[in-house]
Amino acid sequence: MEDYELQTLWKSVDTNIHQKSKTELELLLRSKSKDVVNKFLAFTIRSIVASIICLLYLGCSAVARLDDTIFVLNNAFLWVLCMLALIARFRYWQLLSDDYHYQPLKDWLEFRIKILSYWPSSTYRSYYVIPFLNASLGLSLIVFIHNMPFIEVLKSKPIMISFIPSYLFGLVICYVLLQRIARKFNRNLMFLKDLHRRITSVQ
């Protein structure tokens, strides 16, 4: 890239920039890109922590109630899903956090865009499974709190009547949070794609 082209490119990102050398501009562009990628990393770390907390609860509560077969099977099902989510998020974190200093910025961005582009499809798929996961986890918590057999909780009308509003409220919260996360994710991903397109166009 020529210095003038880099100046023009960076001004499209930050109009307050002063005249800088080619090397300085490339460092600034990489820094700006890293700031955006770090937002994805922060979300991934929060997801990892949430998965670990769920795994601890599901595992410990199942061990404490080994005599309740349905409760144990329900928790085991959720535990496997949480473990798969943890492995996937850890892999995302591993790939995104690897910093290849020797790579050109265009290649550095291209690699991360490719990784992050898989995320929206998994988010859309989660729309369909959230109601089932929310119900399964909610019942697990209620059974554990009331210290009753899983089947007895399902037969208890007062408990189930009180569970339905909580379930619906939790479902709404999940979808609202998912929508907000998706909007922020797409906005940051579009920024990286646009920056990559601009860099490619002036090379």
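The accessible surface of the protein amounts to about 12500 Å², and 67% of this area belongs to carbon and sulfur atoms (Shrake-Rupley method, 1.4 Å probe). The structure is a predicted model, in which local features need pLDDT of at least 70 and side-chain atom pairs count only at pLDDT 80 or more, while totals for chains, interfaces and linings use all residues. Residues are numbered from 1 along each chain as its sequence is written, and side-chain values use heavy atoms, with hydrogens and water left out.

The secondary structure consists of seven helices and zero strands (DSSP runs of H or I, at least four residues, for helices and of E, at least two, for strands, numbered from the N terminus). Among contacts (heavy atoms within 4.5 Å) between residues at least 6 apart in sequence, 69% join residues at least 24 apart. Buried residues (under 20% relative accessible area, 1.4 Å probe, protein chains only) account for 36% of the 203 residues.

Leaving aside residues up to four places away in sequence, Phe40 touches Leu96, Leu116, Phe185, Asn188, Leu189 and Leu192.

Cavities and pockets were located on a 1 Å grid over the protein atoms alone: a cavity is a set of points where a 1.4 Å probe fits but cannot get out, a pocket is an open set with protein on both sides within 12 Å along at least five of seven lines, and lining residues have an atom within 4 Å of a point. Two cavities of 30 Å³ or more were found. The largest cavity, of about 60 Å³, is lined by Phe40, Phe43, Thr44, Arg89, Tyr92, Leu96, Leu116, Trp119 and Phe185.

The largest pocket holds about 1400 Å³ of space. Of its 33 lining residues, Ala85, Arg89, Ser126, Ile130 and Leu133 are the closest to its centre. Helix α5 gives the most to this lining, with eleven residues. The second largest pocket holds about 250 Å³, and its lining includes Phe40, Phe43 and Phe185. Helix α7 gives the most to the lining of the second largest pocket, with six residues.

Terms used. Points joined across faces, edges and corners; volume = space filled by probe spheres on them. Buried < 20%, exposed > 50% of the residue type's maximum accessible area, 1.4 Å probe, protein only.
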